[in-house]
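My notes follow the structure.

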Amino acid sequence: MAEFVRCQVAVVGSGPGGAITAATLSARGFDVVMIEEGPYLKLDSCPPFSIEEMRQKYRCGGLNPALGAPNVPLVEARCVGGGSEINAGLYHRTPADILQLWRDPFKVQHLEETDLLPHFEACESALSVQLNPGGPTAPSLKMKIGAERLGWKTMEVPRWYKYAQIEAPGTRMTGRRQSMTETFIPSAQSAGCRLVPGVRAEKLTRARAHWRVHAVRQAEPFTIDADAVFVCCGAIETPALLRRSGIKKNVGNALALSPMIKVAAVFEDDVNGEYADIGAQQVKEFSPPISMGCSISSLPYLALATMDHLDGGIDLKRLWRRMSIYYAAIAGPNAGVVRNVPLSRAPLIRYSLRAEDMRDLATAVIYLCRLLFAAGATELYPGIAGTAVLRSEADLTRIPSELPRDRTNLTTVHLFSSCPMGQALDLTAVDSFGQVHGYKNLFVNDASLLCTAPGVNPQGSILALARRNALHFTKDL
Amino acid sequence: MLPYLSKTISALCDAIAVTQDHRAAGAPATSYDDVAEFVLEQLRKMPPFLSWPVLLATSAFGMSRLLLEGSLFYKRPWQRRYVQVEIWRHSRFGPCRGLIRFYSSLAVLALYSRRGTGGAAASR
């Protein structure tokens, strides 16, 4: 049966950008309806980083890579809470040099560190952003030791996590990771926001003084008339929706991502176990553009990381407790495009890495291998198909100075910049507060806004900017 | 999906899983139906502009060496399936390698996610 809803503000998408927008506006008395294409699932509806999570929460099952040479597999969520439901919850504020870059040449106004500070603080309080009181995990400790031996700058990154009390020194920390379904979505609902999962927005049109969201729920039309619309579907689906609606200027033309290459390391002592947690240690010595950190190291991921080294005959059965996976990433260029394709609900994503990016990635993986050897690794398995197992620093000469496009296995979880913000009309799709240029009361409020790759985990930046923009909309900034 | 394609994909997943299973803890399995089921499920979720080329390449894979072997891939005994997977895995032609890598990634994820494989269940 066709449904029709009238409201003041429609929020399309319930990831970090959408959730904080809905919570902020509802709390200030706005009549808000938030729609989400995916289902409403609890944070613990499936084990984290599992194939069950792929089944339940990943868009396209995780199989819509950015096409290029090489292809870059990417992960997007399709559920209430969006990416916050499937990530590790690592948190950074936007670095000062990145804010400077966004102020010029993109000409983003009101983007000093002091402008964002209250928004960072509000998000950090709501999400319980903190360091692990139990100290670094075993994989983190290896990274820390390696960096310190080389004299490289390293830091533990805080996470949005509610830790339980420590019972005794050295005990495994327990607690609960935070996400949008744990924080801003319940806040929005208790302030009166109507959340409707299972609704896909197909198109936006202007109807006299209001916006109309043409959506579909279970193959039936679902229409929303709203005074204002916030599009918060993420860096891929937001430009796709705007382009389907005929809004194309600087939309989906400058997608940025952080391509990462992984290295599986074998140590002499145990670093992995049944309850292995993701490490929060990162190395920022070469940032930007290069950053390094710990990755998910469960057995399926170890098998995947070492798959191309099958000829090396790694015995995972015997070794997995002594193994952990690390990543080296670069802040990739704004070189991607997002385009709709006839007969397909999913858009086509293209992303081209330049020769200099492949050289940066080669440098990044060499740095990471050096660090892991310094930390005591005995064997390394870099994500370059056909590469022999590395057993000492001398073996690093086998890594080419420019990674081969046909054998390099990249991945990414961070996507941004498909609708960059700012007052520079030639570069940006929306203004400094997210309003689409030339379209009154139509806003973008998610990772698409970020002018470039931020070089750090982006969710702190997304949340702070989205809160800032929502408050600006209410003139309560 | 055509029965020919699902049988080819199941046989391909079987061949990949058998070669990988020695690395997992626990006794090798006798059936990999769950692995094939996961791969088929994920394929159905792919955007059509990506799944069609994959299925086309899979179809070619299933019929290649037909004249030499006298049978389709899924009808051959395990050892001969293994040989063909290895030929495509090490092919000089990138799309052949890419196809095997695509199926191997999914099959390996499913195989090592089985209960009792002794692996770490990552915590949040």
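Which residue in S16(A) does A:Ala256 stand opposite? I found A:Asn334 there. Helices (H or I, at least four residues) and strands (E, at least two) are DSSP runs, numbered from the N terminus.

I noted that this is a predicted model, where local features need pLDDT of at least 70 and side-chain atom pairs count only at pLDDT 80 or more, while totals for chains, interfaces and linings use all residues. Residues are numbered from 1 along each chain as its sequence is written, chains are lettered from A and ligands numbered from 1 in the order in which they are written, and side-chain values use heavy atoms, with hydrogens and water left out.

Strands. I looked up S11 (residues 255-257) of chain A, which pairs with S16 (residues 334-339) of chain A in the antiparallel sense over two bridges; pairing needs at least two DSSP bridges. S16(A) also pairs antiparallel with S17 (residues 348-351) of chain A, over four bridges. There I found A:Ile349 in S17(A) as the bridge partner of A:Val338.

Interface. I counted 34 residues from chain B and 49 residues from chain A in the contact (heavy atoms within 4.5 Å). The rule finds two salt bridges between chain B and chain A (a side-chain nitrogen of Lys or Arg within 4 Å of a carboxyl oxygen of Asp or Glu). I looked up a salt bridge between the side chains of B:Glu41 and A:Arg55, at 2.9 Å, N to O. Helices H2 (33-45), H3 (48-63) and H6 (94-112) of chain B each supply at least two residues of the side that touches chain A. The largest share of that side, ten residues, comes from H6(B).
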